[in-house]
Amino acid sequence: MRSAAAAALIYAAVSSAYILLSDHLLGRHAADIAVVTQVAMLKGWAFILVTGWLIFFLLRREIRKYAAAEKNLAESESRLQTFAAATFEGIVFSEAGRVVDCNDQFARMLGYSRDELLGSPLSDLIADDARAHVSENFALNREDVLAHEMIRKDGSRISVEAHGRPVELGNLRTRCTAVRDVTGRRRMEAALIESEAKYRRMFETTSEAIMAVDDQKRVTLVNRRMADMLGYAIEEMVGRPGDSFFFEEDLPDHAAKLAARRRGVNEVYERRFRRKDGQAVWALVSATPILDAEGRFRGAFGMSTDITARKQAEEDLSVFRQMVASAQDAMCLVGRDYAYRIANQAYLQEVGLKPDTIMGKTVADVLGKPLFENVIQARLDRCLAGEAVSYSDWFDYPAQSRRYMQITLSPCRNRASEVVGAMVVARDLTELQTAQKELKRLAAAIEQAAETVVVTDAAGAIQYVNPAFEQETGYRREEAIGKNPSILKSGKHDDAFYRDMWNTLVSGGTWQGHLVNKRKDGRLYTEKAKISPVRDASGAISNYVAVKHDITKELELEQNYREAQKMQAVGTLAAGIAHDFNNVLGLIVGNAEMLQLKGAVTGPAAESVKQILSASMRAKNTVKQILMLSRRGRMERIPISLRPLIKETAEFLRSSLSSNIQLVVDLDADAGTVSADPGQMQQVLINLCTNAAQAMEDDGGTLTIRLTNTALSQEAIQFPGHSAGGDFVEIIVSDTGAGIEPTVRERIFEPFFTTREIGKGQGLGLSVVHGIVASHGGSIKVDSKAGKGATFHVFLPRIPSEPKPESTPLGLLPKGRERILFIDDEKALARVGEMTLRHLGYQVNTQNSPVAALDVFRSSPGEFDLVITDLTMPQMSGVKLAAELLRIRPGLPVILCTGNTEKINPHEAGLLGIREILTKPVTIQDLANSVRNALDGSDTIERALPPFSFEGDEKRN
């Protein structure tokens, strides 16, 4: 550059001098035209020659310099390429997260060719769990050294160490990263760590306490079990003298034991250790000397088992013997020869003997031979054979009057589990027996009462029931006496109900209310009860008296009335709540799905978001079920495949079935199409499955739903309105319950006929099923035998037309860049809709007022490619808004969102020009598919939407 500037200056100077000189000469000879002409020509040619020569000289000089620089650059690049190819590390240059260059080693390391990697995102080569951290370092553009995993072309993973730093290549700012494959090293390190950890775990997790000392008696090794046993930290024990963990009085014995180790003696003995807190710990010690290669003593190794509990048990046994001796119940131990081995003071008082006079005597000697042979011996023999025996009887003790005793005989075993005697515990129940007799005499006064009377003791054991109890419950008096009233428990009341009742009674109060109980035959009944405590002379509660009256029939009419009112109220309420409830579900589903898609939550929180979405979908299905009640018998038949309907209904039922009932769904993939109302078909399935589940509620079983094609002749079956057989789709619902008696089977489809007790149904389920099937031109039959379960067959005429395709399985979300006008009067829902659509790539204008939305659209009708509007809004409905928009711009794609499909007629909406109808809550998958269908599909709705949407695939269950 400098030489060129100098040449230019020289050239300018010479040119200036030349021009001035030539002009001077021309001025002197201006009168001679010929001379002036010649001088001017010479001036021009000289200027051309000098200028050409100078340009040639400068160009040749610059070309030579450029050629030399290019040669040097090529040699430098060749050296760099040779270095990059020869290095064992992979080298990659990246800009904005994409590979701009790499060496062959980097490509071979990941199984790619170099050309395959150029331009690819570097994040795709990094394992998921390390991607965020690596991306953060890239974003900060700082020098770092990271250890993480990378993904090869074949999907396998390698461990790498990556050293990255920002570099400048001319005007290009890139990042250079050197990557080293350390997979083998990592594996070796992991194996070494695992091996060390395994032996460390064995040492630390063994149940034995381990300690080693050197030849100077210093502790060199101790495990966690030993440290815990003595109450120290491991660091506190290592290096301390082993003598410091013993009591001073035990040190001479310890020194003798250590001397034996020096002589090479192994030994097992009991040793008392001193804990850090000064308490004693007894252990069974197995001690071994530690010898070096030459056999010289280097220390001792000991494994200890804590036997403190055993020592404590021996002390406890001594205390237990004292307890037995002082117990109020009469207790004794009788050997296999029927002779007394031990007897406590209470027993000695019963028989009137002293300890030195009863030992060695037999039971027959003390209580008399007749009593022994007739009452006691057989029971003693059963006990000595290993059986626990309990009984109550009257006894005439030598030192006591006639007493009523409760006797418990328990086998007494030695360490070999051999029965060496019988432990006898005798409790005096004479006063209680007397009270029971008195209670029976009092009960005679109410034997003829029409109401049920039950008398229990203070613990709740039944002592008396009157004949009315037998008639009402089906239990004989003998079956009830001694039992708890819980034998009547129906399971209709929770523990809190009985706990409150019992708290009222034990506190001395009177409880009254309604009880749902169960008869012996399993039937439920409701009774009005009043239960009062009875006090003895001391004021203590000794008994409870319950007076009860069966009010089942009275409640039956009341229940029927309530059911009718409830069904009417639910039906009226269903349509009203659907919109608001589905709006709430829409907020939950929309926000939860966005959290999932954006990866805003991880770990346990991500699982919680999945549970929220799952619960929301179940709530959506529940709303569908409730909406069935508001349809008031209106039937909309469309060509449908029953497979997805049955699958959805099965999922709905699965959560409500008892855990002892297994649900099996078997659907023929080729099952044909029927013309039916989806809601009524779902009601048929629910009623049949509920009926089957009730048949198995006690013992459990298997509930099976099958779907198949069948062809029936005229002789095989007759359908109303069909004079001949044909092709049918058959739904089969079977159970493994108790079956149906022939006399009952003839009446099961009659309205209000039921064999179940109050609260288990009103006899309408199967009659409704029969009516729905008949209205669809089908038929139903039942096969059943008592004890063999029941199978219901529903036959529906098969139609030749194919059902419309089912919902596309969830997959990649279709996206776009079109402009969308989104209207919803709920601001929160509008925000979720806008957020979701923007996530899908669309440009969104959100409005909360239909009037405002209409004004926006009028101002620029061509600015929007699609309109999505809510159905129910103040000032203007979604249908009316759609009509106004389509009047302004015919053919505009419009999607209508609603929480209640009952409020919109799909056929009328299609005629209006509405492309899609979405049922709230709307998932992002449904929204994405519907938007693309509306933008890319036909001009009107292709099918009339049923009141329920059934999703499913074609896989056979």
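Predicted model: local features only at pLDDT ≥ 70, side-chain atom pairs only at ≥ 80, totals over all residues.
Q: How many helices and strands does the protein chain have?

A: Helices (H or I, at least four residues) and strands (E, at least two) are DSSP runs, numbered from the N terminus. By that rule, the protein chain has 29 helices and 32 strands.

Q: What holds the strands of a sheet together?

A: Strands of a sheet pair through backbone hydrogen bonds, either parallel or antiparallel. Here two strands count as paired if DSSP finds at least two bridges between them.

Q: Which residues face each other where β30 meets β31?

A: Strand β30 (residues 866-870) and strand β31 (residues 894-898) run parallel and are joined by four bridges. There, V867 stands opposite V894 in β31.

Q: What does an antiparallel sheet look like here?

A: Look for the open sheet of five strands ordered β12-β11-β15-β14-β13, where the pairing is antiparallel. Its edges are β12 (340-343) and β13 (389-396), each pairing on one side only. Eight bridges join β13 to strand β14 (residues 402-413), and F395 stands opposite R403 in β14.

Q: Where does helix α14 lie?

A: Angles run from 0 to 180 degrees between N-to-C directions, and axes are lines fitted to C-alpha atoms, for helices over the stretch in contact (heavy atoms within 4.5 Å). Helix α14 (residues 369-384) lies across β11 (330-335), β13, β14 and β15 (419-428), and runs at about 160° to β13.

Q: What should I look for in a hairpin such as β19 and β20?

A: Start with the pairing: strand β19 (residues 524-535) and β20 run antiparallel, with nine bridges between them. The bridge partner of P533 is Y544 in β20. Five residues lie between the strands, and G539 takes a positive phi near 95°. On another pairing of β20 (residues 541-550), six bridges join it to strand β16 (residues 452-457), also antiparallel.

Q: At what angle do helices α26 and α27 pack?

A: Helix α26 (residues 850-859) and helix α27 (residues 878-888) pack at about 10°, with their axes 11 Å apart. Angles under 35 degrees count as roughly parallel, so these two helices are roughly parallel to each other. Residues making the contact include L854 and F857 of α26 and L881 and L885 of α27.

Q: Why does the length of helix α29 agree with what it should span?

A: The expected span of a helix is 1.5 Å times one less than its number of residues. Helix α29 (residues 924-936) has 13 residues and should therefore span 18 Å, and its end C-alpha atoms are 18 Å apart.

Q: Is α29 mostly covered or mostly uncovered?

A: Buried means under 20% relative accessible area (1.4 Å probe, protein chains only). In α29, 10 of the 13 residues are buried, among them I924, L927 and V931. In the protein chain, buried residues make up 38% of the 957 residues.

Key
Residues numbered from 1 in each chain as written. Heavy atoms only, no water. Buried < 20%, exposed > 50% of the residue type's maximum accessible area, 1.4 Å probe, protein only. Parallel < 35°, antiparallel > 145°, perpendicular 65-115°, else oblique.
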